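Subject: A structure for you to look at

Hi,

Here's the structure I promised to pass on. Open it up and have a look around, then read on for what turned up.

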Amino acid sequence: MIKEFVILYNTLVNLSRNKSLFSIFTDKDTFSDRILILLFHFAFFLRQYKNNTDKEYLQKFFDYFFRQIELSLREIGYGDVSINKKMKDYINLFHAIVSDIHFWDSLDIDKKKETLSKFLENFNNIEELIEYFDKFF
């Protein structure tokens, strides 16, 4: 199962590291921006598979996913106190994203734009990003 998690996680990370994705949508390419895009990919992934996949499996992958983010923060050099705060912020942000994209299919383009703009304030070409996530989904 761990091997599956590694493959899934690495796939989501590779999608989030797509340089063309960032060159279209933002002038900066920061760790925070990449985490945001990674969280969006993960939220759409969970949204798609939550009804067709065992809940325990998804929970284990959720735990693995956020553990990998925590390890990445440690590699960057954040201390324990900073990591705990960052992880709390990232998990809360993720839950907000999941909540806002829950009805993604039924949202019109303006609502989708509003939803993404709430989280991705410094991103340009939100319409193209909406199209990207519609295709990803």
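Below are my notes on its helices and a few of their residues.

One thing before we start: this is a predicted model, so keep that in mind as you read.

Let's begin with α6, which covers residues 109–119. Which of its residues are buried? They are K112, T115, L116 and F119. Looking down the axis of α6, you'll see these buried residues fall within an arc of 90°, so they line one face of the helix.

What covers the buried residues of α6? The cover includes three other helices: α3 (31–49), α5 (80–101) and α7 (126–136).

If you leave out residues up to four places away in sequence, T115 touches D100, I101, W104 and L107.

**Helices α4 and α5**

Next, find α4, residues 55–76. The axes of α4 and α5 come within 10 Å and cross at roughly 140°. Why call α4 oblique to α5? Angles over 145 degrees would count as roughly antiparallel, and the roughly 140° here makes α4 oblique to α5. The crossing is right-handed.

On the α4 side, the residues that meet α5 are F62, F66, I69, E70, L73 and R74. Their partners in α5 are D80, I83, K86, M87, Y90, I91, F94 and H95.

Take E70 from that set. Not counting residues up to four places away in sequence, E70 touches I83 and M87.

**Helices α1 and α4**

α4 also packs against α1, at an angle of about 60° and with the axes 10 Å apart. That angle makes α1 oblique to α4, and the crossing of these two is right-handed. From α1, the contact is made by E4, F5, V6, L8, Y9 and L12. From α4, it involves Y57, K60, F61, Y64, F65, Q68, I69 and S72. I69 is also listed among the α4 residues that meet α5.

N10 sits in α1 and is partly exposed, with a relative accessible area of 37%.

L15 is another residue of α1, the helix made of residues 2–16. L15 is partly exposed as well, at a relative accessible area of 29%. Setting aside its neighbours within four places in sequence, L15 is in contact with L21, H41, Y132 and F136. L15 and K28 are 13 residues apart in sequence, and their C-alpha atoms are 17 Å apart in space.

**Helices α3 and α7**

α3 and α7 meet at an angle of about 40°, with their axes 10 Å apart, and α3 passes α7 in a right-handed crossing. In α3, look for F40, H41, F44 and F45; in α7, the residues they meet are Y132, F133 and F136. You've already come across H41, Y132 and F136, as contacts of L15.

**One last residue**

Finally, K19 belongs to α2, residues 19–25. K19 is exposed, with a relative accessible area of 63%. How far apart are the C-alpha atoms of K19 and E114? They are separated by 24 Å, and the two residues are 95 residues apart along the chain.

Key: Residues are numbered from 1 along each chain as its sequence is written. This is a predicted model: local features need pLDDT of at least 70, side-chain atom pairs count only at pLDDT 80 or more; totals for chains, interfaces and linings use all residues. Side-chain values use heavy atoms; hydrogens and water are left out. Buried means under 20% relative accessible area, exposed over 50%, partly exposed in between (1.4 Å probe, protein chains only). Helices (H or I, at least four residues) and strands (E, at least two) are DSSP runs, numbered from the N terminus. The arc is that of the directions from the helix axis to the C-beta atoms. Contact means heavy atoms within 4.5 Å. Axes are lines fitted to C-alpha atoms, for helices over the stretch in contact, and angles run from 0 to 180 degrees between N-to-C directions. Angles under 35 degrees count as roughly parallel, over 145 as roughly antiparallel, 65 to 115 as roughly perpendicular and the rest as oblique. A crossing is left-handed if the near helix is turned anticlockwise from the far one by less than a right angle, and right-handed if clockwise.
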